[in-house]
Amino acid sequence: MATGQIFSKTTQALFYNYKQLPIQRMLDFDFLCGRETPSVAGIINPGSDGFQKLFFGQEEIAIPVHPTIEAACNAHPTADVFINFASFRSAAASSMSALKQPTIRVVAIIAEGVPESDAKQLISYARANNKVIIGPATVGGIQAGAFKIGDTAGTIDNIIQCKLYRPGSVGFVSKSGGMSNEMYNTIARVTDGIYEGIAIGGDVFPGSTLSDHILRFNNIPQIKMMVVLGELGGKDEYSLVEALKQGKVQKPVVAWVSGTCARLFKSEVQFGHAGAKSGGELESAQAKNQALRDAGAVVPTSYEAFESAIKETFEKLVSGGIITRVSSRSLNFVENLHYGYQLSKVKYISQVEDGKISPVTEITPPPIPEDLKTAIKSGKVRAPTHIISTISDDRGEEPCYAGVPMSTIIEQGYGVGDVISLLWFKRSLPRYCTQFIEICIMLCADHGPCVSGAHNSIVTARAGKDLVSSLVSGLLTIGPRFGGAIDDAARYFKDAYDRGLTPYEFVEGMKKKGIRVPGIGHRIKSRDNRDKRVQLLQKYAHTHFPSVKYMEYAVHVETYTLSKANNLVLNVDGAIGSLFLDLLSGSGMFSKQEIDEIVEIGYLNGLFVLARSIGLIGHTFDQKRLKQPLYRHPWEDVLYTK
């Protein structure tokens, strides 16, 4: 368990199981406090990735979404808080996974009803590895003016009323999240406010105890007094009693254990929390309050007197010089403090000097922009964007491709392959990779006027249609039977190679499924009349690629298919598909997940589409230049039959 402060104004969290409202409340709190960076670094949604759009003040931001806890922790190594909004069914497993990540220090478990055996395992692991668990069954915690977890402290209006946008000098810990909101308000009325507040949760086995946090607060110089709100049931409060008796707590503690009304019932009553059930006299609210009082805590006679006890304790610190009160006349020395926010009257300042609390500067926090639905009538509107773009940006003095300015692209002699690597793969690939891309484009630009794509563009152009219509007419023929097999070839070759299938197992397995092997077979080329384009690609790869394992596998497959038929040769689709796998894996610049995604999305077919567009445009221009008339297919080339 940590021995001091666990949050700061730079703390960032990973949020598990996307929930829009609590995340937006965290970001609104960040803006209210004048944080420079959002407190939510990333979101974990099992099986999903991408981005979620949210607001940081007036600015809309895209927060990364990751499919696994491990991926999120690797992507955001400085995020050390894990906020778990999983259901009680999966909260334990995901929390344990987070605790095992070296970058995670604090795990907050929001779900109620986590099995007690699971909770015990989490607690044992956390204590053995010096990590902090808040919860289960918690709303979270807050460090005023710095960081908050999820829905802690409720709405922005409540946060402002409780002055949680700036630090005070009171540490507060409670079992109840709902009562925490009430107590933040109470403490703000009679003191200089909260420095840190924690709701440990109402389950029978909380991940951290009341005394754990009181002992932490005792080591935080900015905290000058502590307030504790316990409840009947369990024996957690007695660990605090022992700490007080042993002199481990040197700062004033004001405490109250709720549930004194339980004695009015004839039988045992289960209150709202799983742990709020008295198991005997020792666990009653009255016994706990008396034990805390005897140990030296300030314990009022009722909850109604709790506020007065907090106020009196705070006033004693003020009168004793531990906390200094000043008048509004002292404003001049802090006139422009705290991010330019407007200053109002001064009561207290929580800056530690020689063990004392200096005056806190009261500020008027910035207004949080209203969301669209609630702001239409008032005219205060912030509208979400409709497109996310990560490949280019035209907002500056010059356009940028994947962060590379246009001037750099021109001045450093980037080629078409380099531009494709930036716009398609979002990174600058080595020159041998970009040159391979250019070779593919050149080799696939055209294959004569007789193939279906060129034929369609020619017919459309001769019908008097414009360039775009003629081009699209040809492009629409691209598919499994014409030029669209590159992705399928890559996908099947990769799967077969990665699974260690022999060419025989691969080909015969495809045959049983009734699937033609993509990338194998040609209408004209054969064993004795090889496709020169394939040979050129293979020669280039052997010369420049660090590895050609997928291409070699494709060649072995070709050897087997040629034993069946003379025209079952490796075609240009198969060559490009297998070699692109070698490019992606051999360059060391792509993860396995990225390679799978590239093949799945259709990047490789994109190469054929881009390349063949050059030829289709050429055929369109050729027909228009030659002023060719409307095409009509000859009768003698049609079989008319019944």
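Predicted model: local features only at pLDDT ≥ 70, side-chain atom pairs only at ≥ 80, totals over all residues.
## Helices α15 and α23

Two packed helices are described by the angle between their axes and the distance between the axes. Here the pair is helix α15, residues 452-462, and helix α23, residues 603-625. Their axes come within 9 Å. They cross at roughly 35°. The crossing of α15 past α23 is right-handed.

On the α15 side, the contact uses G453, A454, S457, I458, A461 and R462. On the α23 side, L616, H619, T620, Q623 and K624 take part. By residue class, the contact of α15 with α23 holds four nonpolar, five polar and two charged residues.

## S470 in helix α16

S470 sits in helix α16, which spans residues 467-475. Is S470 buried or exposed? Its relative accessibility is 0%, so S470 counts as buried. The cut-off for buried is under 20%.

Two polar contacts involve the side chain of S470. One reaches the backbone nitrogen of A461 at 3.4 Å. In the other, a polar atom of the S470 side chain lies 3.0 Å from the backbone oxygen of D466.

Leaving aside neighbours within four places in sequence, S470 is in contact with S457, T460, A461, K465 and T620. Among them, S457 and A461 belong to the α15 side of the helix contact, and T620 to the α23 side.

## The six-stranded sheet

Six strands form an open sheet with mixed pairing. Their order is β9-β8-β11-β10-β12-β13. The edges are β9, residues 147-148, and β13, residues 253-258. Each edge strand pairs on one side only.

Within this sheet, strand β10 (residues 170-174) and strand β12 (residues 225-231) run parallel. Five bridges join them. G171 stands opposite M226 in β12. Helix α10, residues 306-319, lies across β12 and β13. It runs at about 160° to β12.

## The three-stranded sheet

Strands of a sheet pair through backbone hydrogen bonds, either parallel or antiparallel. Which pairing does the sheet β18-β19-β20 have? The pairing is antiparallel, and the sheet is open. Its edge strands are β18, residues 392-393, and β20, residues 404-405. Each of these pairs on one side only.

Strand β19 covers residues 400-401. Two bridges join β18 to β19. At this pairing, D393 stands opposite C400 in β19.

Methods:
Residues numbered from 1 in each chain as written. Heavy atoms only, no water. Axes fitted to C-alpha atoms, helices over the stretch in contact; angles between N-to-C directions. Helix = DSSP H or I, 4+ residues; strand = E, 2+ residues; numbered from the N terminus. Left-handed = near helix turned anticlockwise from the far one by under 90°. Contact = heavy atoms within 4.5 Å. Nonpolar A, V, L, I, M, F, W, Y, C, P; charged D, E, K, R; others polar. Pairing = 2+ DSSP bridges. Buried < 20%, exposed > 50% of the residue type's maximum accessible area, 1.4 Å probe, protein only. Polar contact = N/O pair within 3.5 Å; in protein donor to acceptor, adjacent residues only side chain to side chain.
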